[in-house]
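Please open the structure in your viewer and keep the selection panel at hand. The tour below moves from one selection to the next and says what is there.

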Amino acid sequence: MTEKNMDNTINNQNIIICSFCKNNISEASNIISGVYGNICAQCIILCNDILGTYLEKQQKTTIPLSTPKEINKYLDKFIIGQKQAKKTISVAVYNHYKKINYLFNYNRSIELGKSNILLVGPTGTGKTLIAETLAKYLNVPFAVTDATTLTEAGYVGDDVESVLRNLIENSNFNISQAEKGIIYIDEIDKIAKKQKNLSITRDVSGEGVQQSLLKILEGTMASVPIKGNRKHPNQETWKIDTSKILFICGGAFFGLKNIISKRKDNRPNIGFNIKYKTQNKHKTTDSIFKDIQPSDLIKYGLIPEFVSRLPIIVQLNNLTLKNLIKILYKPKNALINQYKKLFSLDNIELKFHKSSLIEIAKYAAQKKMGARGLRSILESILLSTMYDVPSLKNIKSIHIDKSVIQGKSLPKLHFFVD
């Protein structure tokens with residue numbers, strides 16, 4: 001008697017039918033039986049080949065690579081100055097993504113180490129902009145996090161996994177894309193452990209956060225909560241491999257100059273060291289930062305394990321007056337061009353005299369505001385004009401000269417003649 005099951009598999013004595021190819025299988029050793037169906041050895045091999053090809057395509061994904069010179073050339077369009085820093089970063093980024101291609105496409109006979117980047121430089125020197133510009137050029141997801149918002153697990157604030165959550169969200173929840181992204185952690189110097197807290201069991205704002213960041217910086221399979229920033233049992237999570245994510249950390253490291261100088265000054269007072277100490281007294285912060293060593297960062301308050309996960313240390317110099325002037329008009333997204341565009345949307349031409357740009361740069365330099373301060377200066381100068389102009393008619397152009405920046409006169413409005 002023949003029995004027909006729900007899955008159309010026919011059992012007739014010792015004959016079994018494969019649920020996939022419908023072939024008769026006379027030997028039980030050549031078939032795997034499940035609750036609702038059977039599969040023969042030939043179909044298993046076929047499925048394995050299909051799945052293997054799919055997985056191979058998924059894994060062997062090559063990221064288009066530009067040479068360090070091409071990366072540097074693109075950075076030049078947006079970043080003024082910082083010649084040596086851009087060169088170092090271009091090489092580091094090229095090597096990082098070359099390593100990812102190696103992991104995807106070759107047999108890993110040699111393990112390539114992960115090289116994250118530490119940017120050291122005053123506020124307004126372009127640390128965040130460099131990281132953001134790199135991500136844009138490479139067309140990879142990008143996320144920015146402020147280190148001061150992070151705390152150890154169990155404390156009020158953001159867990160370190162929140163930096164990964166931001167990246168996942170910015171990649172439209174595409175985990176494989178997020179794993180090739182860039183994360184910039186700003187104000188990293190603010191989580192240096194404080195000497196006055198050494199006797200306390202936990203340093204919530206310092207060493208504890210550094211410890212929590214170690215694994216994701218080095219590379220681990222992290223669990224990121226899908227809802228909310230805090231983990232709890234049975235919570236749904238994303239699994240993300242951080243070994244391919246490029247971490248760029250940045251900070252001003254106020255006071256690091258003194259640590260470096262002190263180390264240099266502790267050299268014996270003999271031979272060339274006597275001459276060096278005399279010269280060192282007149283060195284600028286920029287020139288002293290060129291001598292940064294991992295031991296200086298450890299002395300500053302970063303734990304050795306944390307420093308070792310940021311092997312590429314890049315110094316960003318203070319911007320000169322010439323740099324600040326160029327930042328106003330030269331980059332592809334120059335501030336002056338942005339404000340000109342804003343006024344052009346109202347069919348008004350905005351003009352800046354060269355003397356006004358020099359005066360704006362001087363003001364930013366005096367206040368030690370860096371490039372970040374240029375926008376706030378322009379906003380302050382143009383605030384009244386941007387408030388009044390939309391209510392006025394027949395304005396042809398607006399002229400800004402040196403006297404406007406100095407507060408001696410108002411922007412000059414030119415009207416169409418009827």
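What follows starts with the whole chain and then turns to its parts.

This is a predicted model, in which local features need pLDDT of at least 70 and side-chain atom pairs count only at pLDDT 80 or more, whereas totals for chains, interfaces and linings use all residues. Residues are numbered from 1 along each chain as its sequence is written, and side-chain values use heavy atoms, with hydrogens and water left out.

**The whole chain**

Begin with a cartoon view of the protein, whose secondary structure comes to 17 helices and 16 strands; these are DSSP runs, with helices being H or I of at least four residues and strands E of at least two, numbered from the N terminus. Of the 418 residues, 42% count as buried, where buried means under 20% relative accessible area, exposed over 50%, and partly exposed in between, with a 1.4 Å probe and protein chains only. Switching to a surface view, you are looking at about 24,200 Å² of accessible surface, of which 53% belongs to carbon and sulfur atoms; the areas come from the Shrake-Rupley method with a 1.4 Å probe, and for residues only the protein chains shown count as cover. Among contacts (heavy atoms within 4.5 Å) between residues at least 6 apart in sequence, 65% join residues at least 24 apart.

**The five-stranded sheet**

Next, select the strands β8, β9, β12, β7 and β13, which form an open sheet in that order with parallel pairing; two strands pair if DSSP finds at least two bridges between them. β8 (142–146) and β13 (312–315) stand at the edges, each with a single partner strand, so one side of each is left without a neighbour in the sheet. The twist averages 20° from one strand to the next.

Strand β9 (residues 182–186) pairs with β12 in the parallel sense over four bridges, with I182 opposite L246 and I185 the bridge partner of C249. Strand β7 (residues 117–120) likewise pairs with β12 in the parallel sense over four bridges, and V120 stands opposite G251. Then show helix α5 (residues 162–170), which lies across β8, β9 and β12 and runs at about 150° to β8; axes are lines fitted to C-alpha atoms, for helices over the stretch in contact, and angles run from 0 to 180 degrees between N-to-C directions.

**The nonpolar cores**

A nonpolar core is a set of buried Ala, Val, Leu, Ile, Met, Phe, Trp, Tyr and Cys residues joined through side-chain atoms within 4.5 Å. Select L164, I188, L213, F253, L256 and F306, which touch the most other members of the largest core, a set of 42 residues. Helix α7 (residues 207–218) contributes the largest share of this core, five residues. If you centre on L164, its contacts include I183, I216, V224 and F247. A second, separate core of 28 residues includes L324, L374, I381 and L382.

**A helix with a buried face**

Move to helix α2 (residues 68–78), where the buried residues are I71, N72, Y74, L75 and F78. Seen down the axis of α2, they fall within an arc of 160°, so they line one face of the helix; the arc is that of the directions from the helix axis to the C-beta atoms. On the other side of α2, K69 and K73 are exposed.

Most residues other than glycine have a negative phi. With that in mind, select N347, in the loop between α14 (335–344) and β14 (349–352), where phi is positive at about 60°; N347 is exposed, with a relative accessible area of 64%. Then select N394, in the loop between α16 (372–388) and β15 (395–400), whose phi is a positive value near 65°; N394 is partly exposed at 43% relative accessibility.

Finish at N174, in the loop between α5 and α6 (175–178), which is partly exposed with a relative accessible area of 33%. The C-alpha atoms of N174 and P141, 33 residues apart along the chain, are separated by 9.6 Å.

Terms used. Lists of a residue's contacts leave out its neighbours within four places in sequence.
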